[in-house]
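This briefing concerns a predicted model. Please consult the sequence and the structure shown below while reading the points that follow.

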Amino acid sequence: MRRKDREMNAEFGLEVIDRAEFGVLSLVDPQGEVYSVPLSIARDGSQLYFHSARSGLKNTLLKEGKQVRVVFVSDVRVPELFENSKLDQILVDEKGIEMLGSKVFTTEFASAIVTGRIALEESDEGKLHGLKVICEKLVPAKMAYFDAAAANALAITAVYRIDIEEITAKRKKFDASGEEMKFQRME
């Protein structure tokens, strides 16, 4: 990671996963091409779960034990650090102009990148667990209906697990005075 001052610890990365609305799964296909797909992914401990139809290109590529990478991004926003009147003043100062790109035309974010291995949940128990983890994250207010929906979905749904092997995390955020907060990875 080039910007070590933005690097965060693994615990922070797990929090990003939990907040992120989706993750982008990437892997290399047999022809050496990168295949990426956005997925609704939920975490239970050091395992990630997602579901899919039982057929299609994604299922063909997701072989047991295959290494994958998943990227999560949360807390994205454009910071509003300066009123326009202040920016007008900054324009007359050459040193001020230099910071326009880093403090005005920028975004705050939190990100996590996971490397891990794919496993297909074969048992009904494993599939139900994965589906429950996903639904508890995405539709917690509807869990009273989970058993009925899951029973209907088991036969037509593939549930995959990614066992996390490595996680890196990064954050860009400004404090109340408009200065970028600096972080160091703590393990």
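Which backbone oxygen lies 2.7 Å from a polar atom of the side chain of Thr 157? The backbone oxygen belongs to Ala 153.

- Thr 157 is located in strand S8, which covers residues 157-172.
- The relative accessible area of Thr 157 is 9%, and because this is under 20%, the residue counts as buried.
- When neighbours within four places in sequence are set aside, the residues in contact with Thr 157 are His 51, Ser 52, Arg 54, Lys 127 and Leu 131.
- Two of these contact residues, His 51 and Leu 131, also belong to the lining of the largest pocket.
- Ala 153, whose backbone oxygen lies 2.7 Å from the Thr 157 side-chain polar atom, is likewise among the lining residues of that pocket.

**The largest pocket**

- The largest pocket holds about 160 Å³ of space.
- Its lining consists of His 51, Leu 131, Ile 134, Cys 135, Val 139, Lys 142, Met 143, Tyr 145, Phe 146, Ala 149, Ala 150 and Ala 153.
- Helix H6 (124-138) and helix H7 (146-153) are the elements that each give two or more residues to this lining.
- Helix H7 provides the largest share, with four residues.
- By residue class, the lining comprises ten nonpolar residues, one polar residue and one charged residue.

**The aromatic pair**

- One aromatic pair is present in the structure.
- The ring centres of Phe 50 and Tyr 160 are 5.2 Å apart and the ring planes meet at 20°, so the pair is classed as stacked; the cut-off for stacking is an angle under 30 degrees.
- The pair joins distant parts of the chain, with Phe 50 in strand S5 (residues 47-53) and Tyr 160 in strand S8, 110 residues apart.
- Phe 50 is buried, at a relative accessible area of 0%.
- Tyr 160 is also buried, at 3% relative accessibility.

**Leu 138**

- With a relative accessible area of 39%, Leu 138 is partly exposed.
- Leu 138 and Glu 21 are separated by 117 residues in sequence, and their C-alpha atoms are 8.3 Å apart in space.

Conventions. Residues are numbered from 1 along each chain as its sequence is written. This is a predicted model: local features need pLDDT of at least 70, side-chain atom pairs count only at pLDDT 80 or more; totals for chains, interfaces and linings use all residues. Side-chain values use heavy atoms; hydrogens and water are left out. Buried means under 20% relative accessible area, exposed over 50%, partly exposed in between (1.4 Å probe, protein chains only). A polar contact is a pair of N or O atoms within 3.5 Å; within protein, one must be able to donate a hydrogen and the other to accept it, and residues adjacent in sequence count only if both atoms are side-chain atoms. Contact means heavy atoms within 4.5 Å. On a 1 Å grid over the protein atoms alone, a cavity is a set of points where a 1.4 Å probe fits but cannot get out, and a pocket is an open set with protein on both sides within 12 Å along at least five of seven lines; lining residues have an atom within 4 Å of a point. Grid points are joined across faces, edges and corners, and a volume is the space filled by probe spheres set on the points. Ala, Val, Leu, Ile, Met, Phe, Trp, Tyr, Cys and Pro count as nonpolar, Asp, Glu, Lys and Arg as charged, and the others, Gly among them, as polar. Rings of Phe, Tyr and Trp (its six-membered ring) pair if their centres lie within 6.5 Å; planes under 30 degrees apart count as stacked, over 60 as edge-to-face and the rest as tilted.
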